[in-house]
Amino acid sequence: MQELIARAKELLANGTVARVLGWKAGDLPYNPEPAYFEKEEDFKDFVYNGFCGANLSKYMIEATKLEGKTLVCLKPCDTYSFNQLIMEHRVDREKAYIIGVGCKGKLDIEKIKKQGIKGIQSISGAEITDDAETLTINTLYGDKTIPYADGMLERCHVCKGKEHKIYDEIIGESKDTKDADRFDEVSRIESMKPEEKFAFFQKELSKCIRCNACRNACPACSCRKCVFDSNKFDSSQKANVDSFEEKMFHIIRAFHVAGRCTDCGECSRVCPQGIPLHLFNRKFIKDIDEFYGEFQAGEDITVKGPLTSFTFEDVEPSVVAERG
Amino acid sequence: MQRIGVFVCHCGSNIAATVDVKKVAEMALMEPGVVHAEDYQYMCSEAGQARIQEAIKEKNLTGIVVCSCSPRMHENTFRKAVERAGLNPYMVEVANIREHCSWIHKDIEEATKKAVILMRAAVAKVNLNTPLKPGESRVTKRALVIGGGIAGIQTALDIADAGYKVDIVEKTPSIGGRMSQVDKTFPTLDCSACILTPKMVEANAHENITIYTYSEVENVSGFVGDFTVDIRKKARSVDMTKCTGCGVCQEKCPSKKTPSEFNRGLNNRSAIYTPFAQAIPNVPVIDREACIKFKTGKCGLCSKVCQAGAIDYDQKDEIITEKYGAIVVATGFDMIKLDKYDEYAYSQSKDVITSLELERIMNAAGPTKGHLERMSDGKPPKEMVFIQCVGSRCSDDRGKSYCSKICCMYTAKHAMLIRDKYPDVNVTVFYIDVRTPGKNFDEFYRRAVEDYGVNYIKGQVGKVIPQSNGKLLVRGVDLIDQKQIVKEADMVVLAAAIEPNPDVRKIATMLTASIDTNNFLTEAHAKLRPVESPTAGIFLSGVCQGPKDIPETVSQAGAAAVKAIGLLAKDKLMTNPCTAHSDELLCNGCSNCANVCPYGAISYEDKEVNDHGKREVRRIAQVNSALCQGCGACTVTCPSGAMDLQGFSNRQILAEVDAICR
């Protein structure tokens, strides 16, 4: 972290960048938040640790419209989102200075709390420079130690790899933390009977409070004006009056990001109700992989997505009906 | 608020027998905006149209819903009718209560309920309709014909004679197609080449026709009246301007082991070859996969013997880009592969052949110089068995469900020719039915039976078993005499089903022309528009549309030409006003719409916009409405809903869905 801060300060001082987009410490040991750093003294709050899960790519849509370059700290998986935004002409690559920051898996405080850990005062082992395999949580009821992996976000267990897909320089080591298949849960749901599926999603989505956190965090959900905020469409009103509201909202959202979603997992990470929203997106990704061959959105900006390109090898639409 | 009139058609009893039309009209009056509703026996008749026009005037109607047949039938009729009454033609919506309702339901109550729902959806849509005005686009006075068989040649000749330029693109090294492989033609038994080659020569010499052989269509863009097509002219390795067609290169070529495509693999050809003697152009091509020079770098014998210096090993594929107003598909057919019909031992014995192979054997320029002999040992056959419907009229997925239509007649022809030339050969035909509709066709078949003593047996063959003595044991059944038949034959001829040329799928996709499950191109209307594709500007000629014999193919080729000429004769076309537009305040500038647009109609520009007082330069999608065909791909791709289609707006479609779900 110190190396990162030193380099950011240097680039700010020599005028390469006008501001730095990173994370500052929150009011609790586990809730850092995205922030701009424009002056040397701002950096006293700068933090980069295992709880810096937030994907800063989306902030670059507005940041690259500002005067001067913006330094942005991107983890390996965040770079996929940034690439996708480049493809969609939403960010200006020329106005970004990308530091690829090291990552050894990000932490999920809700998952940690679920292990019966309460009254958290401080956590050690979450520092990115620390190679410790364990997390030590100091609580009101004494210290608790758990394996680092047991505190990791779901998305880190299905890590896309430690490689940054776009960067100007890299600071810090990264680790591939994959130890599960990302489609296992999708396959499990696919094998359910229709009524079981419906019940599953009914139960999950009924928790939704329409806080819009998923939409606001999602780098693919970056429309200037969301269809749910516009009076030009009847979808917004419908979503509000109908008991079908939440399902409608999430299903429409999944369709809107299909083929563009990089599976960054921000939707599920920010959901205050713990809804596994990423499952919708993964179902689409799995289908796209099966129908058109494996495709990872944001991996390569020279490759058009299968849903927005056409080849003679493309499957016929009937494949969906045939497969059931 | 619109003032809507709803007109419910009885269509005689077509609709009224299954749908309570009075109830539909009654229910319509309860819909928002509806101020007039009536039912009438034939809405499309003069009287029916007059009723609509009167109602428009009397009740100041602003929108019309006609509940009748498919809009593909009469939408235009009603648009014109309301236009004459002073209404914008795009203020009409058709609720299809015939094909989508009365024809597919039996229960009146159910059908009426559905008709009401369809009416409601149309009313909901028309409530949001706005007047639209079509634009104009130009017509390029040149036609493209894909395929140089008899269908393509005839279409090209007819268009060219009318004074328009035509290009023929043919995949193989020569025009002529399947007809050039046929020996004699039914029902007159004249020689196929004798009647075909004059047409080939005429096409070649015609000042309005350009022939691209050994060429393929690579890409198609644009739309009716203004297509842009890339044609890949494959490297012939022979300079067409220099070659004199002397044929020495083919004689001297040492690589002579490639199965001849023209002779269906019954003999071999050289690596440098013209498919047949009367080929047009009479310029050989080098098959680079078979050529020793291309494989090893050594040889070059053809180049050494060529007096004209026409051999060019460095020739490259050439892409020709040309604009066309109309495109005619004439891609023809091939025989099906017989690997799923191994009970007939086609792969096991050289003496089991297809009918097209028999054509080549009986042809004087064929592998046996026209002598009927067994391909295994060159001996003349004494017993020949013909098996009909191999893969045609097939109820399982091994073959085709359709009748290939030509087999009954060509088998009668084969049988008759053999009995005429070799009276000592016994000919037996196993058939399901003998189908001979066509001028002088049944007489022709009767002659085969009555005058030439061909033995027709109604029944199918279960198995053909090659014997150690070289003969073929045919086990079949005679359904009329109700007995099993076991017969030793010297040759067995299979009337294999015909299927559209496999390449047609790729071509149809490029043309956005629809295709059926058997890969036949679909016509715009099975009865009334049989030579037009539903895609405007695309016409169908020959077997690519369905099985046909030569006279039918030639008639259809002429009909396709007339349709193409009708288009080329126009100076301007009215464009469809249902085009896409982007809302610049909603557009993200993401390019997804441009990526999916099949017509290249979307571009982007940096434009200053005023977003509720906030001024900024944004990347905004722009639609070229002359190029846009209103397919709607952009509107479903656009995540922010900025793209919308006039006449089929997102709002209108959702209103229809809402009305249906109400």
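**Salt bridges, domains and the A–B interface**

B:E552 and B:K405 form a salt bridge, with 2.9 Å between the closest N and O atoms. B:E552 belongs to helix 14 (residues 550-568) of chain B, while B:K405 sits in the loop between strand 21 (383-390) and helix 11 (407-421) of chain B, so the pair ties together parts that are 147 residues apart in sequence. Side chains of opposite charge can pair when their charged atoms come close. Over all chains, the structure holds 66 salt bridges. The model is a predicted one.

Chain B is divided into five parts by the domain assignment: domain 1 (4-126), domain 2 (142-172 + 197-234 + 319-331 + 504-568), domain 3 (248-305), domain 4 (334-499) and domain 5 (580-646). Between domain 1 of chain B and domain 5 of chain B, the C-alpha centres are 35 Å apart.

Confidence was examined for chain A. Its mean pLDDT is 90, and 94% of the residues of chain A reach 70 or more. Among the elements of chain A, strand 3 (residues 70-74) has the highest mean pLDDT, at 97. The lowest, 57, belongs to helix 9 (residues 235-241) of chain A.

Chain A and chain B each give 24 residues to their contact. The area buried between the two chains is about 2,100 Å². Carbon and sulfur atoms give 51% of that area. Polar contacts between chain A and chain B number 5 residue pairs, with both residues at pLDDT 80 or more.

Terms used: Residues are numbered from 1 along each chain as its sequence is written. Chains are lettered from A and ligands numbered from 1 in the order in which they are written. Side-chain values use heavy atoms; hydrogens and water are left out. Contact means heavy atoms within 4.5 Å. Buried area is the accessible area (1.4 Å probe) that two parts lose on being put together, summed over both. A polar contact is a pair of N or O atoms within 3.5 Å; within protein, one must be able to donate a hydrogen and the other to accept it, and residues adjacent in sequence count only if both atoms are side-chain atoms. pLDDT is the predictor's confidence in each residue, from 0 to 100. Helices (H or I, at least four residues) and strands (E, at least two) are DSSP runs, numbered from the N terminus. Domain bounds come from an automatic or database domain assignment. A salt bridge is a side-chain nitrogen of Lys or Arg within 4 Å of a carboxyl oxygen of Asp or Glu.
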